[in-house]
Structure formats: structure tokens, C-alpha cells
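Subject: Handover of a structure for your study

Dear colleague,

Please find below the structure that I am handing over to you. My findings follow it, arranged by topic so that you may read them with the model open beside the text.

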Amino acid sequence: MSFKLTPRELEIVRLAGERLGDKEIAQRLGLSPRTVQNHLHRAYEKLGVSDRLQAARRLSDSYSGEPLPLSDLPISTPVEPVIAAPSAAIADRKTRSGLYGWYAELDGWRRPRKLGGSLLWLIIGWALVWLIFIMVGVSLVHPVLEALNRMRWLGLM
């Protein structure tokens, strides 16, 4: 199975498998921690996983054929998934209840929604549309009140 990781992504996932944090990997490779996070995120998407240990295990099992050294030392950030649904519960569709059950069935495919790209611009665009709508409405209040006042004086109301 070929995941087509770049050499840099492969190197960063291997270091992450050694339980190094983003800052430690960045210092070792001369990168910024944000760049390390970007490489890890792209590797997660290609490997179909949601955290660094799953990525290292996937590489160990499928990618290179050689075992990766997975350190037993604890790291500072939690590496457990958000939920751990038992596989029997996922297989038994009768236990699924609502949206949470659907989400639990996604297992390794679930990832948090990205707030970047088109979603971010959509939110900003709608906020600007509503802001313009409100500004136009506020600017029309005074002329409308003046017109109503004139109509009262002329006896049309």
C-alpha cells in the first residue's frame, strides 16, 4: 500500500513516532513548529489517521516494512483519541444512537473540521454582508423619520 508521503513527511512522522514533540522535531530539523504541524497534518490525511502514534504505527505496518521505534516514554500532550468506541458497538448498528453514533462509526476517518480555506472566507463574507446590511439600515432611519414627520405636517397621515 503506497501512501505517497514526501521524504520530509516521512522523516517527521518517524520522529513523532519516537514521541518527540513538535518543538523538538522542529529544532532537530531546523523548521518552525508550525511547519512540523503542517507536515504531520498532511501525513495524517494521506495515511487516514488522526494522531502521531497512529501514523507511526501505520508506517511501521504498511509503508516501509520495517518496524518504527515507538518509545514508551510519555509525551506532554494526550495522544488518546477523543472517543474510544468499542469495535463491537460499532459493528452492532442497533446500539447507534443519533449523530454521536454516526460519528463513532467513522472511527479512524473522523477529523475535526478545518477552519481555513473556503469555510473561513465564507464566514467572513457573510459577516461583512450583514455588517453592510445593518449600516445601510441605520443610515436610512433618519431620512425615513424625516419623511414621516413631513407627511404628518402636510396632513397626509
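Among contacts in the chain between residues at least 6 apart in sequence, 52% join residues at least 24 apart. Please keep in mind that this is a predicted model.

I begin with the chain as a whole. The chain contains 7 helices and 0 strands, and its pattern along the sequence reads α-α-α-α-α-α-α. There are 157 residues in the chain, and 24% of them count as buried. The accessible surface amounts to about 11,700 Å², with 64% of that area belonging to carbon and sulfur atoms.

As to confidence, the mean pLDDT of the chain is 76, and 64% of the residues reach 70 or more. Helix α2, residues 22–29, has the highest mean pLDDT among the elements, at 91. The lowest, 50, belongs to helix α5, which covers residues 87–91.

Is R14 buried, partly exposed or exposed? R14 counts as partly exposed, because its relative accessibility is 23%, and a residue must fall under 20% to be called buried. Although R14 and S60 are 46 residues apart along the chain, their C-alpha atoms are separated by 9.2 Å.

After α1 comes R19, which is placed in the loop between α1 and α2. Most residues other than glycine have a negative phi. The phi of R19, however, is positive, near 65 degrees, and R19 is a residue other than glycine.

Next, I turn to the packing of helices. How do the axes of α1 and α3 cross? These axes come within 9 Å of each other, at a crossing angle of roughly 95 degrees. The two helices are therefore roughly perpendicular, since angles from 65 to 115 degrees are placed in that class. On the α1 side of this contact are R8, E9, I12, V13 and A16, and they meet V36, H39, L40, R42, A43 and K46 of α3. By type, the residues of this contact comprise 6 nonpolar, 1 polar and 4 charged.

Helix α3 also has a contact with α2. The axes of α2 and α3 come within 8 Å and cross at roughly 105 degrees, so α2 too is roughly perpendicular to α3. Here D22, K23, I25 and A26 of α2 meet P33, V36, Q37 and L40 of α3. The residues of this contact divide into 5 nonpolar, 1 polar and 2 charged. You will find V36 and L40 of α3 in the contact with α1 and again in the contact with α2.

Finally, please look at S50. Where does S50 lie? S50 is in the loop that runs between α3 (33–47) and α4 (52–63). Because its relative accessibility is 34%, S50 counts as partly exposed. S50 and L40 are 10 residues apart in sequence, and their C-alpha atoms are 9.8 Å apart in space.

Yours sincerely,
A colleague

Technical notes
Residues are numbered from 1 along each chain as its sequence is written. This is a predicted model: local features need pLDDT of at least 70, side-chain atom pairs count only at pLDDT 80 or more; totals for chains, interfaces and linings use all residues. Side-chain values use heavy atoms; hydrogens and water are left out. pLDDT is the predictor's confidence in each residue, from 0 to 100. Helices (H or I, at least four residues) and strands (E, at least two) are DSSP runs, numbered from the N terminus. Buried means under 20% relative accessible area, exposed over 50%, partly exposed in between (1.4 Å probe, protein chains only). Contact means heavy atoms within 4.5 Å. Accessible areas come from the Shrake-Rupley method with a 1.4 Å probe; for residues, only the protein chains shown count as cover. Axes are lines fitted to C-alpha atoms, for helices over the stretch in contact, and angles run from 0 to 180 degrees between N-to-C directions. Angles under 35 degrees count as roughly parallel, over 145 as roughly antiparallel, 65 to 115 as roughly perpendicular and the rest as oblique. Ala, Val, Leu, Ile, Met, Phe, Trp, Tyr, Cys and Pro count as nonpolar, Asp, Glu, Lys and Arg as charged, and the others, Gly among them, as polar.
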